[in-house]
Amino acid sequence: MEDKRLEATARLLEVMNTLRRECPWDREQTFDSLRSNTIEETYELADAITAHNMEGIKEELGDLLLHVVFYSKLGEEEGAFDFADVANALCDKLIYRHPHVYGDIHANTPAEVKENWEALKLRKKNRKSGTLGGVPRSLPALVKAYRVGEKAAGAGFDWQHKEDVWAKVREELSEVEAEMKSGRKDDLEGEFGDLFFALVNAARLYGVDPESALARTNEKFIRRFNYMEEHAAAQGHTLHDMTLDEMEALWQQAKTEETRE
């Protein structure tokens, strides 16, 4: 098994060398030109994971691995680093951040492991920006909110009991309602942001990934809405022709069909 993995890795690196040398498109690529494609591939992998599509996950992992190899090749050409440097640096990082495996530190629960991980990352990088400095600025807002809350909790800034977060959610909800009455749009946007942030933290405390949860709800809504459109068309209508009650009836049919599957 190990020989098979090593052979596949060597084959991939050689294919990358050939493409970089002989393919006009691959020869023109740079770190900057690949960046947006890398982000797209990451989202495609996330979609496959959400769908629990193992064949899709395998394919998208390959696409993402191509980008790792491609960036490594670009680094090699600039004399900055190569694939071996990337892999060895990762191994060194993993060993350093797992002293409960490779050292004499004890961590018996996932929570203790995460707490040690965050402390070691901060100590190693010695960021002037502190605990939250490692959260990428370009992360989507929902994912970023989760990571910010997670890192703050790793530093000990969190609710003592997870149930306490609901008081904060209710507080933020009441502030949204108050701003709705005031008519100040900018302030209302800020209060909605505070409410979303509180809900993201509630999800984190209850062990729910809010990005995955919302992705599932989006897919569920799209699936049911498509059902409504298809069945309206089968009846010779469009949704614009129908009353809200008629659309609600189709919506409930869509929900019933899902429970039967």
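**Entry 1: α8 and α10**

I began with the residues where α8 meets α10. Leu142, Ala145, Tyr146, Val148, Gly149, Glu150 and Ala153 come from α8, and they meet Phe197, Val200, Asn201 and Arg204 of α10. I sorted this contact by class and got 7 nonpolar, 2 polar and 2 charged residues. Next I looked up the geometry. Helix α8 covers residues 141-154 and helix α10 covers residues 185-205. Their axes come within 9 Å and cross at roughly 60°. The two helices are therefore oblique to each other. The crossing of α8 past α10 is right-handed.

**Entry 2: confidence**

I was reading a predicted model, so I checked its scores before going on. The protein chain has an average pLDDT of 90, and 95% of the residues score at least 70. Where is confidence lowest, and where is it highest? The lowest mean, 69, belongs to helix α7, residues 110-125. Helix α4, residues 54-77, is highest at 97. I turned to α4 next.

**Entry 3: α4 with α1**

Helix α1 spans residues 2-22, and its axis comes within 10 Å of the α4 axis. The crossing angle is roughly 60°, which makes α1 oblique to α4. I noted the hand as well: α1 passes α4 in a right-handed crossing. From α1, the contact takes Leu12, Leu13, Met16, Asn17 and Arg20. From α4, I listed Leu65, Leu66, Val69, Phe70, Lys73, Leu74 and Glu77. The class count here is 8 nonpolar, 1 polar and 3 charged.

**Entry 4: α4 with α3**

How do α3 and α4 pack? Their axes lie 9 Å apart, at an angle of about 160°. An angle over 145 degrees counts as roughly antiparallel, so α3 is roughly antiparallel to α4. This crossing is left-handed. On the α3 side I found, among others, Phe31, Leu34, Thr38, Leu45 and Ile49. The α4 side includes Ile57, Leu61, Leu64, His67, Phe70 and Tyr71. By class, the contact of α3 with α4 divides into 11 nonpolar, 6 polar and 5 charged residues. Phe70 and Leu74 of α4 are listed in the contact with α1 and also in the contact with α3.

**Entry 5: aromatic pairs**

How many aromatic pairs does the structure hold? I found 5. One of them is Phe31 with Tyr71, whose ring centres are 5.7 Å apart. Their planes sit at 5°, so I recorded the pair as stacked. Phe31 lies in helix α3, residues 31-50, and Tyr71 lies in α4, so this pair ties together parts 40 residues apart in sequence.

Note on methods:
Residues are numbered from 1 along each chain as its sequence is written. This is a predicted model: local features need pLDDT of at least 70, side-chain atom pairs count only at pLDDT 80 or more; totals for chains, interfaces and linings use all residues. Side-chain values use heavy atoms; hydrogens and water are left out. Axes are lines fitted to C-alpha atoms, for helices over the stretch in contact, and angles run from 0 to 180 degrees between N-to-C directions. Helices (H or I, at least four residues) and strands (E, at least two) are DSSP runs, numbered from the N terminus. Angles under 35 degrees count as roughly parallel, over 145 as roughly antiparallel, 65 to 115 as roughly perpendicular and the rest as oblique. A crossing is left-handed if the near helix is turned anticlockwise from the far one by less than a right angle, and right-handed if clockwise. Contact means heavy atoms within 4.5 Å. Ala, Val, Leu, Ile, Met, Phe, Trp, Tyr, Cys and Pro count as nonpolar, Asp, Glu, Lys and Arg as charged, and the others, Gly among them, as polar. pLDDT is the predictor's confidence in each residue, from 0 to 100. Rings of Phe, Tyr and Trp (its six-membered ring) pair if their centres lie within 6.5 Å; planes under 30 degrees apart count as stacked, over 60 as edge-to-face and the rest as tilted.
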